[in-house]
Amino acid sequence: MSNSGQSDYLKKIHHVTDDAKTLINRAIQKRLCIGITGLSRSGKSTFITSLINQLKQHGAKNSRLGGFSPWLKKRIIHVQEHPLENRYLPRFDYEQAVDSLSGSAPHWPAPTRDISGVLLEIKLADLGWFGRKTTKSVFIELRDYPGEWLVDLPLLKMSFRDWCVQVEKQLSRAPRNQLPNNPLAALNALDPFSAYDAAAIETLRDTYSDFLHACKQQSPPLTIIQPGRFIEPGTQAGHPALQFVPLVACAGHSEAQLQAASKNSNFKQLEAIFERYKADIVKPFFKEFIEPIDRQVVLVDVLNVLHGGEPYLHEMMHALEAIGESFEYSGGLFHSRVEKVLYAATKVDQVVSQDHDNVRHLLSSIVRKSLERIKGAQADLRIEAVAAVRSSHAQTQGNEEILKGISTDGEAIGFVNPRIPDHIPSESEFTAFIDWKLPQLNPPKSIRANQDQAIPHIRMDEVLHNLMGDICR
Ligand SMILES: Nc1nc2c(ncn2[C@@H]2O[C@H](COP(=O)(O)OP(=O)(O)O)[C@@H](O)[C@H]2O)c(=O)[nH]1
Ligand SMILES: [Mg+2]
């Protein structure tokens with residue numbers, strides 16, 4: 001839990017609040033910075049929208065937060081948004097997101113491509129000294145950012161040659177070697193020792209980055225996309241430190257041979273840009289954005305990856321390893337102080353309720369295996385399976401549970417799913433999921449989330465309990 005920077009924070013917030021008494025009270029009040037991440041399309045924007053909505057609409061008739069003790073005890077007085085103290089952090093547009101989910105033609109919030117944040121005050125009824133009724137406020141800053149950026153963490157420990165060798169391996173193996181427009185041959189034609197050719201490199205960079213986009217656009221997407229900023233540049237699109245490519249031909253030369261290349265060689269020039277990428281883009285992100293995070297949510301679209309099959313699951317496990325490592329990092333670059341990580345499988349409304357618990361156990365096995373190489377891990381880990389916006393409802397036919405919802409074409413559909421295993425499936429167990437047509441649902445009609453209704457959800461109350469139950473006591 002963070003106290004650092006609290007006095008600055010208090011000074012600023014002073015202007016937006018009422019009186020000096022509140023200010024004194026704040027000094028003893030609590031503050032948490034919670035990061036929300038996940039690979040793109042894992043459900044971050046929707047999740048944050050629902051989380052804020054569940055808190056704001058705590059008093060709505062359809063509010064269902066039984067797992068969150070302050071709600072059960074009716075201690076929540078109000079929930080209010082405040083301006084972020086960090087003016088450089090764009091604000092998460094809750095109103096727009098909630099408007100898109102509300103109404104007769106609801107749609108999912110527009111995808112966000114950059115970091116954003118929101119600062120919430122939860123005002124709670126409390127018992128003060130001598131049992132007097134008082135109030136206390138808990139301040140929660142939520143930070144939304146692409147998980148792809150965490151996947152760049154391993155680059156910090158790699159030399160340029162190490163990275164080139166790794167990309168060479170990736171491109172020559174399944175599933176990438178079977179994808180159209182694989183850039184391996186084109187990249188291989190670039191000689192590390194020839195004179196640096198800016199024009200040729202620009203063309204190759206486009207080829208490489210188009211391929212990264214294609215990997216990402218597959219369903220399910222490939223998750224090791226390096227450098228992460230090539231496809232999610234945020235505000236750094238066009239930055240000179242993004243103008244490099246992997247020199248895959250380095251794999252045929254030793255580090256010593258490459259270091260003997262002339263100053264103006266492709267190798268030396270690209271190596272310098274790669275080092276700038278690490279120093280100017282990757283490191284500041286970890287230092288300024290990740291370091292202040294106290295607790296972290298990692299969203300995982302487990303069902304979609306199951307549908308992709310074994311190579312996709314393995315790839316995602318590598319990404320989860322890099323993500324997990326980011327929260328346990330302590331070294332010269334930055335110190336992560338994440339004390340708790342909640343891994344949540346998203347969109348669990350796509351399978352029948354009988355399978356929800358298995359989705360949770362499946363994610364547990366995935367996380368357990370992904371993190372097994374991380375030594376000296378400190379953070380407390382939790383696993384959940386949630387739906388931020390429950391978009392299906394169950395109907396029993398005979399002794400089978402069927403899910404009904406609205407497809408993205410606006411048609412009413414009914415579906416069942418293959419049984420979800422509570423463990424990482426074996427090769428043969430995967431077959432059922434590869435043939436499975438995962439339903440792509442629209443949000444349910446007539447959620448009035450922008451007025452006085454809470455968004456229907458699955459286990460978002462458990463999420464609140466895990467993330468902030470203790471400091472709301
Ligand atoms: N059925 C269902 N689909 C969801 C849910 N949350 C997100 N989705 C789907 O996943 C897509 C990506 O979600 P989004 O929040 O934009 O992901 P982000 O890229 O991680 O911010 C949405 O457009 C929806 O199609 C959910 O709770 N239930
Ligand atoms: Mg988003």
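Before counting anything, I note what pairing means: two strands pair if DSSP finds at least two bridges between them. I also keep in mind that this is a predicted model.

Entry one, strands S8 and S9. I looked up S8 against strand S9 (residues 400-406) and found 6 bridges, with the two running antiparallel. Gln397 faces Glu400 in S9.

Entry two, the sheet they belong to. I get an open sheet of 3 strands, ordered S8-S9-S10, with antiparallel pairing. S8 (392-397) and S10 (412-415) are the edge strands, and each has a single partner, so one side of each lacks a neighbour in the sheet. From one strand to the next, the twist averages 30°.

Entry three, strands S2, S3 and S4. S2 (residues 76-82) and S3 (residues 116-127) run antiparallel, and I find 6 bridges joining them. His78 has Lys123 in S3 as its bridge partner. On to S4 (residues 133-144): 12 bridges tie this strand to S3, again antiparallel. Leu127 is opposite Lys133 in S4. The hairpin of S3 and S4 has 5 residues between the strands, and there I spotted Phe130 with a positive phi near 55°.

How many residues surround ligand 1? I get 21, and the closest are Gly43, Lys44, Ser45, Thr46 and Trp108. Which helix gives the most to this shell? That is H3 (residues 44-56), with 3 residues. Sorting the shell by type, I have 10 polar, 7 nonpolar and 4 charged residues.

How values were computed:
Residues numbered from 1 in each chain as written. Chains lettered and ligands numbered in written order. Predicted model: local features only at pLDDT ≥ 70, side-chain atom pairs only at ≥ 80, totals over all residues. Near = placed C-beta within 6 Å. Helix = DSSP H or I, 4+ residues; strand = E, 2+ residues; numbered from the N terminus. Nonpolar A, V, L, I, M, F, W, Y, C, P; charged D, E, K, R; others polar. Axes fitted to C-alpha atoms, helices over the stretch in contact; angles between N-to-C directions.
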